[in-house]
Amino acid sequence: MDLLLFGGTGFLGRALARAALDRGIHVVCVCRGTSPLPAGVEHLAADRQDDRALAMLGERRVDAAIDLTSHPGQVRRALRDTAAAHWTYISSVNVYRDFDVPDQREDAPVREPLAGEDLTDMELYGDAKVACEDAVREHAEAWAVIRPGLIGGPGDRSGRSGYYPWRFAHPTGPDVLVPDAPGAGVHLIDVRDLAAWIVTCAQRRITGVFNASGASTTFEHLLAASRRAAGTPATVTTRPVDPALLAREHVVPWAGPRSLPLWIDAPGYEHFGSVDSGAARAAGLTRRPLEQTLADVLAWEEERGRHEGAGLTDEEERQLRTSL
Ligand SMILES: NC(=O)c1ccc[n+]([C@@H]2O[C@H](COP(=O)([O-])OP(=O)(O)OC[C@H]3O[C@@H](n4cnc5c(N)ncnc54)[C@H](OP(=O)(O)O)[C@@H]3O)[C@@H](O)[C@H]2O)c1
């Protein structure tokens, strides 16, 4: 089987390439090559912002294509210039218009499609994904649209899935600072489980729209699983901090520097941490236990000797402990 993978050097892209290669699939990665390519793939160097970039594909016809971009213009050009019997587009749960209801299914209302070719403002990420999905629906012969929730596991350089396991493994004092949001919803899908299932979709030519998230759980459960994954002694406690105090100290939710990740404190996003992935599970998606993902991302960070990308630095956590 020939698989054309648009991308292949990012977090999910690498996992997809690995999962496909493990199954003996010939993987052709189409990307510029700004990061090292996974070993064993064929590389077709192309800058997809260039209208003629995919001309080198010529008459080549592949069994399947998987596209990871968020730029509608890149999706449209790929569909125009590529002959694939099955197309998988990697979208996001961010396409949904409302997050004030829990467990949304694939037929829930989505945002307005982005007008234009390029995603230039990340505030419009969900709109861009809707426009990309529309292009695939309109032009692909047979297609699957996958809407992942938050992706984590080994290789997660965003630092979101690794922060709490790392922090519980490397406490900076008698307690670990966490947001006081025990009931907040959260889901985290292991990149290896997601990649394995997406490759199955391509192999079996599965069609339709699928949410693909980790099991919906609570922030309290995520913290407990992180603590167990890190093997933290009971003498280290957890210190929940009022979100208003965190805001006063310029600690941001969800992601990035000086954050306490994986929790959202914004009106209208009350149920961002829960979507229904029943259809994907019925179509073969399997999910390992959350604690295993957290233990494996911690092992990966320990091997690299650092945590980065999201959370509080050691110094920030120590300083906040005294000022809160
Ligand atoms: N992370 C999450 O929690 C999450 C959740 C939901 C959905 N998603 C979706 O999952 C996907 C993540 O994939 P990923 O981790 O592999 O993505 P990524 O890190 O965004 O990788 C982007 C890929 O596209 C290639 N690329 C970028 N610009 C290009 C250009 N101008 N021409 C050709 N290739 C270009 C890059 O390679 P070169 O730089 O070498 O060109 C790279 O291989 C995205 O679709 C994202 O929206 C992510």
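Reply: A crossing of two helices is right-handed if the near helix is turned clockwise from the far one by less than a right angle, and left-handed if anticlockwise. The model is predicted, so local features need pLDDT of at least 70 and side-chain atom pairs pLDDT 80 or more, whereas totals for chains, interfaces and linings use all residues. Residues are numbered from 1 along each chain as its sequence is written, and side-chain values use heavy atoms, without hydrogens and water.

Helices are DSSP runs (H or I, at least four residues), numbered from the N terminus. Helix α2 covers residues 72-81 and helix α3 residues 125-139; their axes (lines fitted to C-alpha atoms over the stretch in contact) are 8 Å apart, at an angle of about 15°. The angle runs from 0 to 180 degrees between N-to-C directions. Because angles under 35 degrees count as roughly parallel, α2 and α3 are roughly parallel to each other. The crossing of α2 past α3 is right-handed. In their contact (heavy atoms within 4.5 Å), α2 supplies Pro72, Val75, Arg76 and Leu79, while α3 supplies Ala128, Ala131, Cys132, Ala135, Val136 and His139. By class, these residues are eight nonpolar, one polar and one charged. Ala, Val, Leu, Ile, Met, Phe, Trp, Tyr, Cys and Pro count as nonpolar, Asp, Glu, Lys and Arg as charged, and the others, Gly among them, as polar.

A second pair is formed by helix α1 (residues 11-22) and helix α5 (residues 191-204), whose axes come within 8 Å and cross at roughly 55°. Angles over 145 degrees count as roughly antiparallel, 65 to 115 as roughly perpendicular and the rest as oblique; α1 and α5 are therefore oblique to each other. This crossing of α1 past α5 is also right-handed. On α1, Phe11, Leu12, Ala15, Leu16, Ala19 and Ala20 meet Val191, Leu194, Ala195, Ala196, Ile198 and Val199 of α5. The contact of α1 with α5 has twelve nonpolar residues, with no polar and no charged ones.

Terms used
Helices (H or I, at least four residues) and strands (E, at least two) are DSSP runs, numbered from the N terminus.
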